[in-house]
Amino acid sequence: SAWSIGKSGIGYSDDDDSTQISQTLSLYMQYAFDITDPSEVNNAALYMDYDDGFIAYLNGTEIARSSNMGQYGEIFNYDDPSLSGREAIMYNGNAPEYFNATDHVDQLQVGENILTVEVHNVSIGSSDMSSIPFFLLGFSSVQDEFEVGNKYVVVNNIYPHTNFKIASE
């Protein structure tokens with residue numbers, strides 16, 4: 001109950017975030033959702049746009065991490081920087097990075113479930129931070145399959161840009 005509330009993406013300084021925060025080395029965010037019958041979930045995927053690194057958890061169990069956050073299971077404290085920098089990519093019209101989380105659907109429980117994402121900057125002086133997660137669940141009645149370039153994951157470019165001009169003639 002002490003957590004602040006805001007829309008995803010969360011970050012600062014690069015105009016791709018719905019919720020702006022103060023400059024920081026790390027950010028922790030949670031999303032609660034309900035599942036009536038976890039046995040109906042047959043696959044899961046996390047699509048993530050981030051700057052600089054992240055680790056994601058489902059009900060307290062790690063389900064995904066960026067390559068610049070060490071090995072699976074390695075603990076990062078709130079004051080640990082990511083091991084290297086990475087720029088967010090969606091604001092340039094690119095798709096978020098894909099992480100298969102199907103091996104973790106057994107972590108789902110009846111009722112409330114919590115997706116937690118921790119994001120770390122490469123340094124406290126980093127000029128920006130972004131965290132935009134998309135967590136998808138596939139149900140056996142639908143037979144969804146998630147993969148890179150999934151046609152059902154469409155991210156609109158909210159900052160359109162062209163390198164040409166259109167004349168009225």
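I began with the term I would need for the charged pairs: a salt bridge is a side-chain nitrogen of Lys or Arg within 4 Å of a carboxyl oxygen of Asp or Glu. With that in hand, I opened the model, which is a predicted one.

**Entry 1: confidence**

I checked the pLDDT before anything else. The protein averages 85, and 82% of the residues score at least 70. Among the elements, strand 5 (residues 53–58) has the highest mean, 98, and strand 9 (residues 129–139) the lowest, 90. Over residues 155–162 the pLDDT stays under 50, and I found eight contacts beyond four places in sequence for that stretch.

Next I traced an open sheet of five strands, in the order 2-1-9-4-7 with mixed pairing. Strand 2 (19–20) and strand 7 (97–100) are its edges, each pairing on one side only. I then looked at strand 4 (residues 41–51) and strand 9: they run antiparallel and are joined by ten bridges. Along that pairing, Met48 stands opposite Pro133.

**Entry 2: salt bridges**

How many salt bridges does the structure hold? I found three.

I took Arg86 and Glu97 to start with; their side chains meet at 3.6 Å, N to O. Arg86 lies in the loop between strand 6 and strand 7 and Glu97 in strand 7, so this pair ties together parts eleven residues apart in sequence. Glu97 is partly exposed, at 29% relative accessibility.

Arg86 also meets Asp49, at 3.9 Å, N to O. Asp49 sits in strand 4, so here the parts tied together are 37 residues apart in sequence. Asp49 is buried, with a relative accessible area of 0%. Through shared partners, Asp49, Arg86 and Glu97 form one network.

The remaining entry on my list was Arg65 with Glu62, at 2.7 Å, N to O. Both of these residues are buried.

**Entry 3: Glu118**

Which charged residue is buried yet has no salt bridge? I noted Glu118, in strand 8 (residues 111–120). Its nearest side chain of opposite charge is Arg65, 6.7 Å away, and a salt bridge needs the nitrogen and oxygen within 4 Å. I did find a polar contact between the side chains of Glu118 and His120, at 2.5 Å. Beyond its neighbours within four places in sequence, Glu118 is in contact with several residues, including Leu27, Tyr28, Phe54, Tyr57 and Phe76. Gly53 and Ile55 are also in contact with Glu118.

Methods. Residues are numbered from 1 along each chain as its sequence is written. This is a predicted model: local features need pLDDT of at least 70, side-chain atom pairs count only at pLDDT 80 or more; totals for chains, interfaces and linings use all residues. Side-chain values use heavy atoms; hydrogens and water are left out. pLDDT is the predictor's confidence in each residue, from 0 to 100. Helices (H or I, at least four residues) and strands (E, at least two) are DSSP runs, numbered from the N terminus. Contact means heavy atoms within 4.5 Å. Two strands pair if DSSP finds at least two bridges between them. Buried means under 20% relative accessible area, exposed over 50%, partly exposed in between (1.4 Å probe, protein chains only). Lys and Arg count as positive and Asp and Glu as negative; His and the chain ends are not counted. A polar contact is a pair of N or O atoms within 3.5 Å; within protein, one must be able to donate a hydrogen and the other to accept it, and residues adjacent in sequence count only if both atoms are side-chain atoms.
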